[in-house]
Amino acid sequence: MDEDRAESTVPSRVSLKSDQSKSDIVNFRSSEEIERGEHILSNWDQSAPPGESSCSQSGSRSGDAEMKPKERSDLQEVIEGHKMSLKRRCEHVTEGTHEAGSGTLLNKIYTELYITEGQSEEVDTQHEVRQLERTSKKNIQDTPIKCQDIFKVSSEQQRHIRVVLTNGVAGVGKTFSVQKFSLDWAEGLENQDISLVLPLSCRELNLIRDEQHSLLSLLHVFHPTLQKIRAEDLTVWKLLFIFDGLDESRFSLGFNKHQLISDVTQVSSVDVVLVNLIQGNLLPSALIWITSRPAAAHQIPPSCVDRITEVRGFTDSQKEEYFRRRFSDEDLSKRIISHIKASRSLHIMCLIPVFCWITAIVLEDMMTRDQRGELPQTLTDLYSHFLRVQIKRKKQKYGGKQRPEELAEADKELLLKLGRLAFEHLEKGNIMFYSEDLERCGLDVSEVSVYSGVCTEIFKREIYCFVHLSIQEFLAAVYMFHCYTRKDTAVINQFLKYFKPNPFSGFVGLFNNDPVTSLDDFLRRALMKSLKSENGHLDLFVRFLHGLSLESNQRILGGLLDQRNSHPETIQKVLNNLKEVNSGEFSPDRSINIFHCLMEMKDQSVHQEIQEFLKSGEKSKRELSAIHCSALAYLLQMSEEVLDELNLRQYNTSDEGRRRLIPAVRNCRKAELSDSFLSMSHWEVVASAMTSNPSHLRELSLSWNENLADAVKLLSSAMMHPNCRLETLRLSDCWLSEISCDSLASALRSSPSHLRVLDLSYNKLKDPAVKLLCGALQDPLCELETLRSVRDDPVLSQV
Ligand SMILES: Nc1ncnc2c1ncn2[C@@H]1O[C@H](COP(=O)(O)OP(=O)(O)OP(=O)(O)O)[C@@H](O)[C@H]1O
């Protein structure tokens, strides 16, 4: 089976997964060469056999009616040639090996993705995996949109869609969508009203960042088959420019201040050309499709975008279809599907196609060749096997004398260097590296590419990055665990040092540089460090770190880590720490990760207890510890069923336990959070629940909370978000200030506001706060029906 990786073969897109051979890559010419007409067609352009294309029609439009027949047929030929070349680029995904012709047909493995219109919550601040876990739940209210329809509007919609921005987390299928869209067009199947589909990869655009170009010369560089195209053709044809991977772009797109360009032959810096194209100054009738990971999408001002879509991965049935398509052996695909369904983490992770790919590689290998081992249940299991399969493949390709269960010293060395690179960049939040970065970690670029079984699988060329952020996190954890077992105190101390709060002053920190004393001490401090991260960038890393402490996982890695026969007592201590850790003011999303760490250590007790608790239906009787509450919050948040009410007071738990339940707000209709001492990190979760797509929250009660000024400001702006559907807000006896009333007044004036009931009783409001609210009530946009007591008396007043 050679389908060990799926990747883009669109040369204009060297995606996270694509490390296509150099020969496939367009030859970049400088602008001078282009002006001199010195263009070298890329290899496949020259080799494309004539007439191979299955395109049934060209996309040329009537705008060229003035042309002489000879000119028209020449252009027709150019379009046909472009379709043919695009088809050749897109029809294969070279998975695994990179020998010519070894690729799998895209149409064989392409599985429909779940794409929706609109944008989910707070996308740019959350770790992509966790965010997907949360937002990928299919909801009946979402309207899916097919990839080939993203520029289409229904007949009653009177708008024209010029710019589409497609968001999606790493590995969710953006590049595959671009590739499929382009292939369908090139084969004459879809979107035939478009004359030319022109994919331009942001990553490849980076390579000519310092050059000066016109739009026309840019096209000549990236699509050499279009040499004959003239400026006037561009203005009459319907063109679609696809910018895949905005997150990888190193341009600073200055939308506010730039030179105006409206002529396709005008030469300028590449970023200026791009901005003018996206804004519609250049070729106003051209369609633009931009794909991006969520964190980078903000670079395009919303005013430029006519439609936002989001690739949300695979639904449950699409997941199954993926495995069925991938394996012709029906029995194998059935066994794989049932294994995934039985393992909650795997099932959730397989919402992201790249995880389906990893799972497919590992499970196929284990089920067909290596049936002795236990099938992976946790992420650490799965990733450990993944690494092993990659090494095995490398050995099969390049030979090797060592016993299959042992890693060669050279492999170990290389993997640990990769681990170091992964770790150092993870800490800094980097996902892309350059050859200098490799060299700094002792990695030789050519050596890396020779280890194709490991590195061309994990790495791609030119700009390097791991096949998926989670692989980087896994290798980083392997490296850190190795440093621990080897007692590399310099690295460990550097990582673990942090300011521990001074119990006496509360504010001034003490620098904690105490040497690590034991495995449980090491893991506890690593966990604390991850809890402090605002965006959770160490969450998965620390989950893997816990998983790697199990001997069973160390064994899978075949000597990469020095096996530590950790004493059962030590493991028990680690488990106890996880169950008892006080996560205080940290975000409750971080606290859920503590539960995931337990699961990675194969401790099912908390999970089982919570399952029983949920079945028993006796909410208030059972006493719940803080870790129980994190598990409960996770399960409620992930549940297919939306909870009618989350009432923190109904649970028999500590204040910390109650705070840890907050993430469940994302999946309930009514939240009762009165008198609950929440901090900003909790209010941020509530705000995210109000702005998520879809947002279920209709009623929110925050009465008897103090110091809400910042929270009210945050929640008021969440109320103005188009996804928010909140109808009732109770803020009784909260000591609201004038500033809070001002924020609330703005929210009341926003359109569309769904808020109908606002309870402000017992706030002792006075002018000018009252005046601010009255002003909002008089605004025609305000739809409020009931306002409870603005002044001292709690009387119901109809608005
Ligand atoms: N529709 C699909 N059908 C089958 N496999 C898919 C599909 N979409 C994605 N995959 C698998 O997931 C991998 C990652 O997909 P892709 O490169 O399109 O992700 P991406 O969203 O562009 O990620 P990134 O932001 O990291 O570049 C592919 O190489 C392929 O193995």
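Six strands form an open sheet in the order β3-β10-β4-β9-β7-β5, with mixed pairing; two strands pair if DSSP finds at least two bridges between them. The structure is a predicted model: local features need pLDDT of at least 70, side-chain atom pairs count only at pLDDT 80 or more, and totals for chains, interfaces and linings use all residues. Residues are numbered from 1 along each chain as its sequence is written. Helices (H or I, at least four residues) and strands (E, at least two) are DSSP runs, numbered from the N terminus.

- The edge strands, β3 (115-117) and β5 (196-201), each pair on one side only.
- From one strand to the next, the twist averages 20 degrees, with axes taken as lines fitted to C-alpha atoms and angles running from 0 to 180 degrees between N-to-C directions.
- Strands of a sheet pair through backbone hydrogen bonds, either parallel or antiparallel.
- Strand β4 (residues 163-167) and strand β10 (residues 307-311) run parallel and are joined by four bridges.
- Leucine 165 stands opposite isoleucine 308 in β10.

**The chain as a whole**

- The chain has 33 helices and 21 strands.
- Of its 799 residues, 48% are buried; a residue is buried if 20 or more other C-beta atoms lie within 10 Å of its own, exposed if 12 or fewer, and partly exposed in between, with C-beta atoms placed from the backbone.
- Of the contacts between residues at least 6 apart in sequence, 76% join residues at least 24 apart; a contact requires C-beta atoms, placed from the backbone, to lie within 7 Å.

**The nonpolar core**

- The largest nonpolar core has 204 residues; such a core is a set of buried Ala, Val, Leu, Ile, Met, Phe, Trp, Tyr and Cys residues joined through C-beta atoms within 7 Å.
- Helix α20 (residues 469-485) supplies the largest share of this core, 12 residues.
- At least three residues of this core come from each of domain 1 (76-313) and domain 2 (409-578), with bounds from an automatic or database domain assignment.
- The residues with the most contacts inside the core are Phe241, Ala477, Leu545, Val665 and Met690.
- Apart from neighbours within four places in sequence, methionine 690 is in contact with Ser695, Leu697, Leu715, Ala718, Met719, His721, Cys724 and Leu726.

**Helix α27 and its end**

- Helix α27 (residues 605-616) has 12 residues and should span 16 Å at 1.5 Å a residue, which agrees with end C-alpha atoms 16 Å apart; the expected span is 1.5 Å times one less than the number of residues.
- Just after α27, glycine 617 takes a positive phi of about 70 degrees.

**Loops and backbone geometry**

- Asparagine 707 lies in the loop between β17 (699-701) and α31 (709-719), and its phi is near 50 degrees, a positive value in a residue other than glycine.
- Asparagine 707 is exposed, because 12 other C-beta atoms lie within 10 Å.
- Lysine 764, in the loop between β19 and α33, also has a positive phi near 50 degrees.
- Lysine 764 is exposed, with 11 other C-beta atoms within 10 Å.
- Proline 768 lies in the loop between β19 (757-759) and α33 (769-778), and a cis peptide bond with omega of about 5 degrees joins aspartate 767 to proline 768.
- Aspartate 779 sits in the loop between α33 and β20 (786-788) and counts as partly exposed, with 15 C-beta neighbours inside 10 Å.
- Aspartate 779 and leucine 443 are 336 residues apart in sequence and 65 Å apart in space, C-alpha to C-alpha.

Notes:
Two residues are in contact if their C-beta atoms, placed from the backbone, lie within 7 Å.
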